[in-house]
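Welcome, and thanks for taking a look at this protein chain. Please keep the structure open beside you while you read, so that you can find each part as it comes up.

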Amino acid sequence: MAALLLKGVSIASIDGVLFDKDGTLSHSEPNLLKLAEQRIKTAVDLWSATGDASQSRCLEETLRKAFGMHQSTLHPGGTLAVAAREDNILSMATVFCLFELTWTEALNLAHNCFEGVDQEFGCSHQPSPLLPDAGKVLQRFQDGGLLNAVISNDTSRGIRRFLDHHQLSSRIASIWSADDIPRKPDPKAVDQLCRRLGISPQRCALVGDAETDLQMAIDADIGCVIGYTGGWSLPPDLPSAEHLLDHWSDLELDSDT
Ligand SMILES: [Mg+2]
């Protein structure tokens with residue numbers, strides 16, 4: 001058990017912390033924007049080969065909106081920032097339906113697009129950098145006796161690649177990925193991750209940058225729900241946060257506890 005301090009003020013007594021990855025530990029926005037551009041270009045190319053090429057520009061703009069892109073920023077609450085890959089495929093397929101494809105045609109085209117981008121660019125994506133002091137907070141918490149876990153809608157492979165790249169795997173007691181059932185934001189995902197860790201949700205903090213993360217934490221009876229706002233160009237709106245955190249250096253443990 002340890003007292004969690006935010007800017008020097010005790011906010012909870014906890015045994016563990018569940019961390020979201022993208023936009024919370026990971027500075028994901030640049031890589032996600034690059035990925036979105038590749039998917040949109042591939043989608044438009046595939047569409048133009050089979051559909052009405054005169055609507056390509058309109059399709060491109062609609063896909064940008066669907067993914068939450070605005071100029072050179074990504075909406076932190078948008079589909080690409082928050083949702084799992086499978087949900088992003090469905091989102092793209094829905095856009096194709098707006099351009100008069102059947103659901104079967106739309107789903108096939110969206111799958112072909114995502115797989116094409118994976119094959120062409122999949123190995124070229126370096127894991128995103130850490131957000132400032134995110135690695136230090138994991139070390140500080142582990143050294144203070146807390147259990148750290150990651151709960152993310154990235155794949156298990158993506159999470160492990162990120163942690164290995166930043167030499168943080170030994171700091172993380174467990175992960176819950178999009179490969180686990182149910183995936184977040186189902187509150188049972190939190191419940192089952194806490195069971196794996198052997199601690200109760202009430203004795204846990206959860207830190208996330210999406211409103212869906214925080215609502216899930218509240219529904220799962222997490223003891224301390226923290227919204228992280230420092231991971232995006234546009235700070236996320238997090239009305240369900242009990243506490244807001246702008247920088248990891250503001251979060252510490254009380255060493256006297
Ligand atoms: Mg996130």
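Predicted model: local features only at pLDDT ≥ 70, side-chain atom pairs only at ≥ 80, totals over all residues.

The protein chain holds nine helices and 11 strands, and it is divided into domain 1 and domain 2.

**The chain as a whole**

- The C-alpha trace of the protein chain spans about 65 × 30 × 30 Å along its principal axes.
- For 257 residues, a compact globule would have a radius of gyration near 18 Å, and the 19 Å of the protein chain agrees with that.
- Of the 257 residues in the protein chain, 41% count as buried.
- If you take the contacts in the protein chain between residues at least 6 apart in sequence, 63% of them join residues at least 24 apart.

**Two domains**

- Domain 1 is made up of residues 2–28 + 130–254, while domain 2 takes in residues 29–124.
- The centres of domain 1 and domain 2, taken over C-alpha atoms, are separated by 29 Å.
- Where the two meet, 16 residues of domain 1 are in contact with 12 residues of domain 2.
- On the side of domain 1 that touches domain 2, the residues divide into five nonpolar, six polar and five charged.

**The six-stranded parallel sheet**

- Six strands with parallel pairing form an open sheet, and you can trace their order as S7-S6-S3-S8-S9-S10.
- Strand S7 (174–176) and strand S10 (243–245) stand at the edges with a single partner strand each, so one side of each is left without a neighbour in the sheet.
- From one strand to the next in this six-stranded sheet, the twist averages 25°.
- Strand S3 (residues 16–19) pairs with strand S6 (residues 147–151) in the parallel sense over four bridges; to find your place there, look for Gly16, which stands opposite Leu147 in S6.
- S3 is also joined to S8 by four bridges, and these two strands run parallel. Here Val17 stands opposite Ala205 in S8.
- Another four bridges join S8 to strand S9 (residues 224–228), again with the strands running parallel. Leu206 has Val225 as its bridge partner in S9.

**A closer look at strand S8**

- Why is strand S8 (residues 204–208) largely enclosed by the rest of the structure? Five of its five residues are buried, so the strand is largely enclosed.
- Both faces of S8 are covered, with Cys204, Leu206 and Gly208 buried on one side.

**The three-stranded antiparallel sheet**

- Three strands form an open sheet in the order S2-S1-S11, and their pairing is antiparallel.
- The edges belong to strand S2 (9–14) and strand S11 (251–254); each has a single partner strand, so one side of each is left without a neighbour in the sheet.
- The twist in this three-stranded sheet averages 35° from one strand to the next.
- Strand S1 (residues 2–6) pairs with S2 in the antiparallel sense over five bridges, and Ala3 stands opposite Ser13 in S2.

Notes:
Residues numbered from 1 in each chain as written. Pairing = 2+ DSSP bridges. Axes fitted to C-alpha atoms, helices over the stretch in contact; angles between N-to-C directions. Rg over C-alpha atoms; globule rule 2.2 N^0.38 Å. Buried ≥ 20, exposed ≤ 12 C-beta atoms within 10 Å, placed from the backbone. Contact = placed C-beta atoms within 7 Å. Domains from an automatic or database assignment. Nonpolar A, V, L, I, M, F, W, Y, C, P; charged D, E, K, R; others polar.
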